[in-house]
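This briefing is meant for someone meeting the structure for the first time.

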Amino acid sequence: MASKPLKYVLFLGTVRENRLGLRVAKFMQNFLLKAGHDVDFMDAQELNLPLLKKPLHFYKNPSDAPPLLVDLGNRIKEADGYVVITGEYNHSIPPALANLLDHFPGSSFSYKPSGIVCYSPGQYGGMRAAIQLRALLGEIGCISVSNIFGLPQTNKSLDEEGKPLNDHMESGAKRLLTQLDWHAHAMRNHREGFGIPGK
């Protein structure tokens with residue numbers, strides 16, 4: 001019996017002018033959809049959340065929270081896993097990405113896996129930011145799988161519509177998704193069969 005599709009939230013955390021991240025997001029969204037998954041795309045630039053002052057879990061009465069935060073929080077909770085796309089600003093995580101994730105409590109993400117996709121126009125592909133992001137994702141409860149999908153020279157790897165320009169794109173995404181799918185299925189089965197601690 002075929003299992004129901006996995007539901008992933010795809011985060012894009014870059015907002016800088018002339019960003020390449022949207023190319024990466026289009027490619028990953030298409031790749032996930034072709035694999036039969038449900039994809040909920042959350043783009044920091046389009047969401048345009050304010051600089052963090054009061055995260056969702058600081059509202060004693062959820063009805064007092066901004067409707068957008070409540071909606072995003074529910075969608076994050078409903079996901080089976082996360083794909084997080086990061087650029088590299090000053091060898092670190094883009095501030096808009098941390099700002100987006102920090103608006104929600106760790107309990108929204110916990111006991112689900114994540115996969116990191118990093119990119120840059122240079123030769124290192126955003127790996128320095130990815131290693132820092134791995135620590136953050138672990139702390140909020142969605143431990144990243146071991147594979148990191150790095151995209152060096154992104155402007156030569158994807159066109160503006162996110163179509164791949166070399167073989168690395170498909171093979172690299174497949175390696176990441178193979179790991180992520182396994183963990184997402186295993187964790188969903190365990191949550192449904194045994195619940196999660198403290199619940």
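Helices and strands here are DSSP runs, of at least four residues (H or I) for a helix and at least two (E) for a strand, numbered from the N terminus. With the elements named in that way, α4 gives the most to the lining of the largest pocket, with four residues. The model is a predicted one.

**Strand β1 and its neighbours**

- Five of the six residues of β1 are buried, so the rest of the structure largely encloses this strand.
- β1 pairs with β2 in the parallel sense, over six bridges.
- Within that pairing, Leu10 stands opposite Phe41 in β2.
- Between β1 and β2 the chain passes through helix α1 (residues 21–34), and this β-α-β crossover is right-handed.
- β1 is also joined to β3 by five bridges, and these two strands run parallel.
- Here Leu10 has Val83 of β3 opposite.

- Strand β4 covers residues 114–119, and six of its six residues are buried, so it is largely enclosed by the rest of the structure.
- Ser114, Ile116 and Cys118 point one way from β4, while Gly115, Val117 and Tyr119 point the other way; all are buried.
- Strand β3 (residues 81–86) pairs with β4 in the parallel sense, and the pairing has five bridges.
- The path of the chain from β3 to β4 goes through helix α4 (residues 95–102), in a right-handed β-α-β crossover.
- β4 and strand β5 (residues 144–151) run parallel and are joined by five bridges.
- The bridge partner of Cys118 in β5 is Gly150.
- A right-handed β-α-β unit is made by β4, helix α5 (residues 127–139) and β5.

**Asp43 in strand β2**

- Asp43 lies in strand β2, which spans residues 38–43.
- Its relative accessible area is 4%, and the cut-off for a buried residue is under 20%, so Asp43 counts as buried.
- The side chain of Asp43 reaches the backbone nitrogen of Gln45 at 3.0 Å.
- Leaving aside residues up to four places away in sequence, Asp43 touches Leu12, Thr14, Arg19 and Leu22.

**Helix α4**

- The buried residues in α4 are Ala96, Leu97, Asn99, Leu100 and Leu101.
- The cover over these buried residues includes β1 (7–12), β2, α2 (44–47), β3 and α5.

**The largest pocket**

- The volume of the largest pocket is about 160 Å³.
- Its lining consists of Val15, Ala44, Gln45, Asn48, Leu49, Leu51, Pro95, Ala96, Asn99 and Leu100.
- Two helices, α2 and α4, each supply at least two residues of this lining.
- Gln45, one of the lining residues, is also the residue whose backbone nitrogen is reached by the side chain of Asp43.
- Ala96, Asn99 and Leu100 belong to the lining, and these residues of α4 are buried as well.

Note on methods. Residues are numbered from 1 along each chain as its sequence is written. This is a predicted model: local features need pLDDT of at least 70, side-chain atom pairs count only at pLDDT 80 or more; totals for chains, interfaces and linings use all residues. Side-chain values use heavy atoms; hydrogens and water are left out. Buried means under 20% relative accessible area, exposed over 50%, partly exposed in between (1.4 Å probe, protein chains only). Two strands pair if DSSP finds at least two bridges between them. A crossover is right-handed if, with the strands pointing away from the viewer, the path from the first strand over the helix to the second runs clockwise. A polar contact is a pair of N or O atoms within 3.5 Å; within protein, one must be able to donate a hydrogen and the other to accept it, and residues adjacent in sequence count only if both atoms are side-chain atoms. Contact means heavy atoms within 4.5 Å. On a 1 Å grid over the protein atoms alone, a cavity is a set of points where a 1.4 Å probe fits but cannot get out, and a pocket is an open set with protein on both sides within 12 Å along at least five of seven lines; lining residues have an atom within 4 Å of a point. Grid points are joined across faces, edges and corners, and a volume is the space filled by probe spheres set on the points.
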